[in-house]
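Work through these exercises with the structure open beside you. Try each task before reading its solution.

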Amino acid sequence: MKLLVTGGAGFIGSAFIRMAIAETDWRVVNFDKLTYAGNLENLAPVEGDERYRFVRADICDERAVDAALAEETPDAIVHFAAESHVDRSILSPEPVIQTNFRGTFTLLEAARRRGIGRFLHVSTDEVYGSLEPPLAATEEFPLNPSSPYSASKAGSDLLARSYFVTFRLPVVVTRASNNYGPYQFPEKLIPLMVANALEDRPLPVYGDGMQIRDWLHVEDHCRGILAALGKGRDGEIYNIGGNRALPNSEVVRKVLALTGKPETLIQHVADRPGHDRRYALVSDKLTGETGWRPEMEFETGLADTIEWYRANPGWVARVRSGEYRAYYEQNYGKRTAAG
Ligand code: NAD
Ligand code: TYD
């Protein structure tokens, strides 16, 4: 089996490639533009493997996509590449729409021209929008995205499925909840709080901190994608949830307890515009059809993740240099006082 993985230098894509190379005999081509979020260091464990190849290119570049598919003739595409951060999508929506919607369209068209055997589109629980308790989304729930990020993901998710309905392209869509684990860029909640706590810097909690997210370890997510890739049915959507819903404040307090830092580091700052209060997923369909279920207990996964960040300050410093500093100032500079 040959896979073309887009966005394989990012957090989840690189975990997926490390897992696929370690646990299968597949050939994997990583197609990634290397934006601020792409980091080839994440792929050091597979770099020398003859079954792995890296192609630096943009999914919006039709010729580059066509050339990679012609050269590699993959059996399947696993599509992770995206601008993945809600806060950046608020500060600067254009690249988000371009990559997430237009880029997915370019890939779908190329896959259709070549008659690709499977197109797995990696989507998110954010497409369902904010859900009041006790609601939890099944795959039939209406999409109700709130941010340019989640709207662009909802658009690409629906576009992918339309290629199954209209053109019979064998598309499978997965919608996962919030991921955490090693190698996550320290702009998302958990790695940002861990990195700041380890450096005794303030932990910026948006608004009242009572927003709820369902936490999924990145390896559980990757196993869910492998299950959907191998056993999922054409044209179907599969939720992949961590079954561990927590308010942000509780996550932050756990980070402080595990790093041995005081709660005085918590700083309530101005809320995110359009902030979704709660996400919740039902993943029974994937479990019923493939036997997959999340295995990592959150406290264990969080402790392991913190250990990884503690052991890799160089990785954090390198990804935080340059462009990241400008982003941090833009996102947090004006919101340090609670509002
Ligand atoms: P990430 O930001 O860590 O990585 C994204 C990768 O895509 C980077 O390597 C980047 O260089 C690459 N990329 C961006 N634009 C590109 C383009 N135009 N062409 C080629 N490559 C490009 O993201 P992540 O957290 O690993 O998320 C991966 C996917 O999973 C995304 O589609 C995201 O929407 C989805 N997802 C993420 C989460 C989460 O909690 N992180 C949860 C559910 C779904
Ligand atoms: P994030 O990791 O950006 O994921 P998403 O918005 O895609 O769920 O944020 C997770 C939650 O943490 C979300 O409710 C926003 C909140 N948050 C903070 O309170 N402070 C922060 O500095 C960040 C980055 C997020």
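Axes here are lines fitted to C-alpha atoms, and angles run from 0 to 180 degrees between N-to-C directions. The model is predicted.

**Exercise 1.** Describe how helix α8 and helix α10 pack, and find the class of their angle.

*Solution.* 
- Step 1. Locate helix α8 at residues 248–259 and helix α10 at residues 298–311.
- Step 2. Take the geometry: the angle is about 55°, and the axes are 10 Å apart.
- Step 3. Classify the angle. Under 35 degrees is roughly parallel, 65 to 115 is roughly perpendicular, over 145 is roughly antiparallel, and the rest is oblique. So α8 is oblique to α10.
- Step 4. List the contact. α8 gives V251, K254, V255, L258 and T259, while α10 gives F298, E299, L302, A303, I306 and R310.
- Step 5. Sort these by class: seven are nonpolar, one is polar and three are charged.

**Exercise 2.** Give the strand order of the open sheet, and say which strands stand at its edges.

*Solution.* 
- Step 1. Seven strands line up as β3-β2-β1-β4-β5-β6-β10, with parallel pairing.
- Step 2. Look at the ends. β3 (52–56) and β10 (237–240) each have a single partner strand, so one side of each lacks a neighbour in the sheet.
- Step 3. From one strand to the next, the twist averages 20°.
- Step 4. Check one pair: β6 (residues 171–176) and β10 run parallel, joined by four bridges. T174 stands opposite Y238 in β10.

**Exercise 3.** Which strands do α5 and helix α7 touch as they pack on the sheet?

*Solution.* 
- Step 1. α5 touches β5 (118–124), β6 and β10. The direction of α5 makes about 155° with that of β5.
- Step 2. Helix α7 (residues 218–231) touches β1 (2–6), β4 (76–79), β5, β6 and β10. The direction of α7 makes about 145° with that of β5.

Note on methods: Residues numbered from 1 in each chain as written. Chains lettered and ligands numbered in written order. Predicted model: local features only at pLDDT ≥ 70, side-chain atom pairs only at ≥ 80, totals over all residues. Heavy atoms only, no water. Helix = DSSP H or I, 4+ residues; strand = E, 2+ residues; numbered from the N terminus. Contact = heavy atoms within 4.5 Å. Nonpolar A, V, L, I, M, F, W, Y, C, P; charged D, E, K, R; others polar. Pairing = 2+ DSSP bridges.
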